[in-house]
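Please read it beside the sequence and the coordinates shown here.

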2 protein chains.
Amino acid sequence: MDDEDPIRLSAPAELPGEDTQAHRFGRAREAQATAVTEDYVELIDDLVTTGGEARPTDIARRLGVAHATAIKTIARLKRDGFAVSRPYRGVFLTEQGRELACRVRARHRLVVEVLTTLGVPEEVAEADAEGIEHFVSPATLAAFSAFLDRRDR
Amino acid sequence: MDDEDPIRLSAPAELPGEDTQAHRFGRAREAQATAVTEDYVELIDDLVTTGGEARPTDIARRLGVAHATAIKTIARLKRDGFAVSRPYRGVFLTEQGRELACRVRARHRLVVEVLTTLGVPEEVAEADAEGIEHFVSPATLAAFSAFLDRRDR
DNA sequence: TGCAAAATGAAGCATAGGCTACAAATTGCG
DNA sequence: CGCAATTTGTAGCCTATGCTTCATTTTGCA
Ligand SMILES: [Mn+2]
Ligand SMILES: [Mn+2]
Ligand SMILES: [Mn+2]
Ligand SMILES: [Mn+2]
């Protein structure tokens, strides 16, 4: 059926269709647009669960951004219904925020586990996963899960 | 050795150190910052190789963005030494651009191959890889390569 | 050959997500 | 208790990356 062309060193034998390619890039742009939100809700949920509260300063320090940046992003989270907060009180997730945090954390862990299973060193896996996680679709997550199950037993 | 805590449903037993976590997020932000550049040079190289030239309009259509957006991004590529172009002529990569395109393409392919090997459907793998690729470090790439070698034989 | 269509470029606008600098509120401690 | 340190908030600035609109240049074809 597919007669493999000889491998070229510098370019694909054929490009995908324009629409197909545009769609792929569009999907990646959409995923990127939610990445920051996902990281914040996951972190806030972690902080609240382990320490009882999530202060803007702590959030900023853990993300490695200026506190003013964190505060502005938190304002967007509130605007979009993921969090609530009152002046000088910590930030808390809404039901919608907790739901997102839960999914995001599960996905993050699964990505890390797949990476380490493939032989990626723990710390590298954690670092790479911080970016990779946002682009892993449900179908890929399912495949990851099945792969780990297959391996475990 | 590592006495596993009982799995918690909603939060990690312990958070990573602040500095560690900040460093991971910072790495992801850096990778993100180069993602658009990487996609453009890979695409331009593909277009030039398969069609002899890369016109702004074609680039825009394949990326799914307005032509004005592509033109502005191309200006950045030129500013940063990855491409050259003269008015109304196609865009061409510099040596630096080709070098980047080559690395980026190899990485893209390796990511897709690993995903499909793990059981991710071809088209999903291509779509997810478009985002994932930008966050895969050299160490992870090496692990991916080793994994595929192991499997192939 | 001349003109309409297509491609290219420029300008202006918006949002996200960074930053620094400064102001105000809260906390905690001597 | 009162003041200094910390935290929080605000304002203003920047770049990247989108967009639409309009002008200009090229191209292709009748
Ligand atoms: Mn992340
Ligand atoms: Mn994460
Ligand atoms: Mn990509
Ligand atoms: Mn790619």
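## Interface and cavity

Across the interface of chain B and chain A, eight salt bridges are found, a salt bridge being a side-chain nitrogen of Lys or Arg within 4 Å of a carboxyl oxygen of Asp or Glu. The model is predicted, so that local features need pLDDT of at least 70 and side-chain atom pairs count only at pLDDT 80 or more, whereas totals for chains, interfaces and linings use all residues. Residues are numbered from 1 along each chain as its sequence is written, chains are lettered from A and ligands numbered from 1 in the order in which they are written, and side-chain values use heavy atoms, with hydrogens and water left out.

A:Arg61 and A:Asp58 are separated by about one helical turn, because they stand three residues apart in helix 2 (residues 56-63) of chain A; helices here are DSSP runs of H or I with at least four residues, numbered from the N terminus.

In terms of contact (heavy atoms within 4.5 Å), 53 residues of chain B meet 53 residues of chain A. The area buried between chain B and chain A is about 4800 Å², with carbon and sulfur atoms giving 58% of it; buried area is the accessible area (1.4 Å probe) that two parts lose on being put together, summed over both. On the side of chain B, the residues that lose the most area to chain A are B:Arg24, B:Arg62 and B:Leu118, together 15% of what that side buries.

A search of the whole structure finds one cavity of 30 Å³ or more, where a cavity is a set of points on a 1 Å grid over the protein atoms alone at which a 1.4 Å probe fits but cannot get out, and lining residues have an atom within 4 Å of a point. The largest cavity has a volume of about 100 Å³, and its lining draws on both chains, including A:Phe144 and B:Phe144 as well as A:Ile132 and B:Ile132. Helix 4 (95-117) of chain A and helix 4 of chain B each supply at least two residues of that lining.

Technical notes:
1 Å grid on protein atoms, 1.4 Å probe; cavity = no way out; pocket = protein on both sides within 12 Å on 5 of 7 lines; lining within 4 Å. Points joined across faces, edges and corners; volume = space filled by probe spheres on them.
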